[in-house]
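This report describes selected local features of a predicted protein model. Please consult the sequence and the structure while reading.

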Amino acid sequence: MRAVVQRVKRSSVSVDGKIVSKIDKGLMVLLGVEVNDDESDLDYILKKVTKLRIFDDEDGVMNKSLLDYGLEVLVVSQFTLYGDARKGNRPSYIRSAKFDQGILLYEKFIEKLEKLDVKVSHGEYGADMDVELINDGPVTILLDSSKEF
């Protein structure tokens, strides 16, 4: 499982020109599911997302997590995170999970965030979405449950 985690001042997702979700200060997470992912991959990414110390403390040092401040998360599915463009110019998405497996882990990720009392908004899995955000910092962190990077 892969995630692009962005600290945002605000973010929103639209489908067919209509906003389906939006958040204020918090994290926008682009979430990609690989064909071999299971719940242990999900738990790894969940722990990292919720405990990343990328928010300023009282001294202006990035030392606090979204849980410390009770901030929001916007989760957006992103199968292209497993795009492999090492050969040629057309990326291969063979490592991306198929729809049924991907949506299952995506929805479990959201459910587990909610169980941690995180206010979660999300996009529409598999839809063509427009994502808007104001990146705060900018701060962008790449996560991979297989630790490929």
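## Two loop residues with positive phi

Aspartate 16 lies in the loop between strand 1 (2-15) and strand 2 (18-23). Helices (H or I, at least four residues) and strands (E, at least two) are DSSP runs, numbered from the N terminus. The phi angle of aspartate 16 is near 55 degrees, which is a positive value in a residue other than glycine. Most residues other than glycine have a negative phi. Aspartate 16 is exposed, as its relative accessible area is 75%; buried means under 20% relative accessible area, exposed over 50%, and partly exposed in between (1.4 Å probe, protein chains only).

Aspartate 117 also has a positive phi, near 65 degrees. This aspartate is located in the loop between helix 3 (99-115) and strand 7 (119-122), and its relative accessibility of 73% makes it exposed.

## Basis of the model

The model is predicted: local features need pLDDT of at least 70, side-chain atom pairs count only at pLDDT 80 or more, and totals for chains, interfaces and linings use all residues. Residues are numbered from 1 along each chain as its sequence is written, and side-chain values use heavy atoms, with hydrogens and water left out.

## A cis peptide bond

Glycine 137 and proline 138 are joined by a cis peptide bond, with omega about 0 degrees. Most peptide bonds are trans. Proline 138 belongs to strand 8 (residues 129-144).

Is serine 12 buried or exposed? Serine 12, a residue of strand 1, is buried, with 12% relative accessibility. Contact means heavy atoms within 4.5 Å. Not counting residues up to four places away in sequence, serine 12 touches Ile19, Ser21, Lys22, Leu74, Asp130, Val131 and Glu132.

Glutamate 148 is found in the segment after strand 8 and is partly exposed, at 44% relative accessibility. Apart from its neighbours within four places in sequence, glutamate 148 contacts Arg2 and Arg95. Between glutamate 148 and lysine 18 there are 130 residues of separation in sequence and 36 Å in space, C-alpha to C-alpha.

Lysine 48 is placed in helix 1 (residues 39-51). With a relative accessible area of 35%, lysine 48 is partly exposed.
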